[in-house]
Amino acid sequence: MVENLNKQQLEAVTSNSKYVRIVAGAGSGKTRVLTTRIAYLIEEQNVFPYRILAITFTNKAANEMKERISTTLAEKGLGVNVSTIHALCVRILREDSIALGYPKNFTIIDSQDQRSLLNEAYKALDIDRKEFTPGSVLAYISGNKTAEVDVEYAFSLAGDNMLQKPLAQMYEFYVSRLKSMYAMDFDDLLVFTKNLFKEYPEVRAKWQRRYSHIHVDEFQDVDNIQYAIIRYLVGADNHLYVVGDPDQTIYTWRGANVDIIMSFEKDFKDVHTVILNQNYRSTNMILDGANSIIINNKNRLKKELFTENKSDKKIVHYSGAGQEYEANWIAEEINALIDRGVNYKEIAILYRANYLSRALEKGLLDYKIPYVIYGGTRFYDRQEVKDALSYLRMVTSGDDLAFTRVINNPRRGIGNKGMDNLYALSSSHNITLYEAVKDFDILTGKARTESKKFVELIERVKLIPSEQIDVILNTLLKDSGYLKMLETSKEDDRLENLKELMNDIETYMKNNPEGSLEEYMQIISLYSDKEQYDTGSYVQLMTIHAAKGLEFNYVFVAGMSDGVFPSERSLMEGIAGLEEERRLAYVAYTRAKEQLYLTESAGYSFVLEKMRSTSRFITEIDSDFIERVGAKFENKTKETFPRPKKPLVNRIKKLDTSGIKLRDGVKITHTTYGDGVVIQVDNGVATIAFMHPHGIKKLVEGHESIKLKDGV
Ligand code: ATP
Ligand code: MG
């Protein structure tokens, strides 16, 4: 078990300290050390597997870790709880949400449900959705929740401002509707767990007894709320083991706080810190190339990382005449790799933003290259799957969102008028829409008979034991006429997806003999992609954010134009924004083991509204480690290779030093975002609530674009 470890890794795996921190660069074996540590605890220290908790960043990473543990330990490792922080919170809340006034089978709503709720709010409050777009309202709500700004405080921040007050009203509506449905969104899962631990010491103590050894991977991207939850889990007797790389912090835009790993020893005494400095993943060309860009970040701790994996294959920079050339070149290069015996699944294409996949997909399709996109339309978000899940929700919670989705699906003749009557009844009697249909007789004609049948079906299915999820779903879909509707209109793809859902349910039932419909519903609401693709032979496409912690033999990073990567928006945020983008580039490059390709194209970009130019994250790479291919380089001499005349980075550095000091509650005005109120200032970064549509932003305190409201 410990034979394939170097000296520092061994030290980290066998440490006797209660608190251990591993800080090390990409590919140095952090995740491997963490999994080996878990095996070591079980095998050598006789720790019971079910007392071990490991927190990872994504479901994909959690699955990989589970696999690694079961390869080493077989069934001995089964009881270890490896999960994302959200999944952990669901587990905690399922047992203890009663304390917060929520039933065990609370509903978790996803982004589609959130939007349906907003639709209700626009109508009820008579607010213009063009002026206050769903995206900006959701960003406002999420920003408030994570900054712990409650509805009341949001109203006081908004005052009588015409642009702010409607947002606060939407927030109020949203929160109270969720509460009335006993539903939580993803932010709530974290915030509620934290509050639960904060307010109920006995609940906290119970969970501290549950897990004696707690491990956290990717600790550099933990935010304050997540950290608070972790700290509550660590009582006087618990062990905490954290690993991370400050150079890979890529979620500060969502609240990640790199100071947490850097000043870990402030909160925990006698921390054993281990530094790993050998990279086992990449060739020297890739590693040195990645290092040559990350050193441009001023705000970082220097780390030395070396590799013994010498190679003469330089990083390849391709520049095409347009996007289709770029996609085709990638496709041809992939075909050349396949001819050399490489498997599709060893190849990944990464990009900065989701929209970039479209052009790439076209190329792959033209060349008949099989591919899969992670983080595309979620399986569970597809229309028919969502419908089926809403039918299931009629059985578990009977909430209004599920009801409005299925009541006329298939058609049951309930028109706008009928719906309005139901809404009126539900609000006057403080009952759900479903209860309004069930307990009152206000519909007429076809709507009346059909809705009676609907109620009869739901009530009948409620009597089926909740572990028979397959029977429940089958009965609902058949007897409601939903399947018939799809069959009649020959919706074969949709029927296929429903079969896949049934498959998923059967797998769940097999793996969780004690499971229930309620638990199944909660678990799947956290999944963002289908795992079935993992075993297939596909080229994998994903955003760089989704590639965190993963590795591939061949990595293409596409769309390497300034403004795309680094993104235009990040550049507006000054040096902090640019440095986060550079860390993201570092993450992207260090995913590659054998060969790294960076591609871009010339021409006009409608997204950027200007001609594309080469990303600075290419030009920053030391020329010893990179070679250039493509017509652009072959026809012209090196001197005419276009570089940005005046690198933006210099301009931004200057902007950063205007030096206004901010504090909570101060009103400011920003050249781009307009008026705002400072919510928090932390280490030179101000969290500011701006007016619609900008919402909450984190900005460098002394940025020149920020002026005090009274004109100082
Ligand atoms: P990241 O920062 O990207 O998350 P990491 O530090 O977690 O990277 P791992 O994924 O654990 O790195 O390891 C990178 C690769 O190096 C893996 O394929 C792992 O199996 C391999 N590796 C790690 N340590 C050793 C070792 N001592 N001997 C051989 N291979 C190793
Ligand atoms: Mg890792």
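Author: Before we start, a quick definition: buried means under 20% relative accessible area, exposed means over 50%, and partly exposed is in between. Also, keep in mind that this is a predicted model.

Reader: Okay, is Y182 buried, partly exposed or exposed?
Author: Its relative accessibility comes out at 39%. Buried needs under 20% and exposed needs over 50%. So Y182 counts as partly exposed.

Reader: And what about Y102, buried or exposed?
Author: Here the relative accessibility is 6%. The cut-off for buried is under 20%, so Y102 counts as buried.

Reader: How many aromatic pairs does the structure hold?
Author: Rings of Phe, Tyr and Trp pair if their centres lie within 6.5 Å. On that basis, the count of aromatic pairs is 22.

Reader: What kind of pair do the rings of Y102 and Y182 make?
Author: Their centres are 6.0 Å apart and the planes sit at 80°. Planes over 60 degrees apart count as edge-to-face. So the pair of Y102 and Y182 is edge-to-face.

Reader: How many residues apart in sequence are the parts that this pair ties together?
Author: Y102 is in the loop between α4 (85-96) and β4 (107-108). Y182 is in the loop between α8 (165-180) and β5 (183-184). The pair therefore ties together parts whose separation in sequence, in residues, is 80.

Reader: Which ring does the charged end of K548 sit over?
Author: A charge sits over a ring if, for Lys, NZ is within 6 Å of the ring centre and within 35 degrees of the ring normal. For K548 the distance to the centre is 3.8 Å, and the ring belongs to F57.

Terms used: Residues numbered from 1 in each chain as written. Chains lettered and ligands numbered in written order. Predicted model: local features only at pLDDT ≥ 70, side-chain atom pairs only at ≥ 80, totals over all residues. Heavy atoms only, no water. Phe/Tyr/Trp six-rings, centres within 6.5 Å; stacked < 30°, edge-to-face > 60°. Helix = DSSP H or I, 4+ residues; strand = E, 2+ residues; numbered from the N terminus. Buried < 20%, exposed > 50% of the residue type's maximum accessible area, 1.4 Å probe, protein only.
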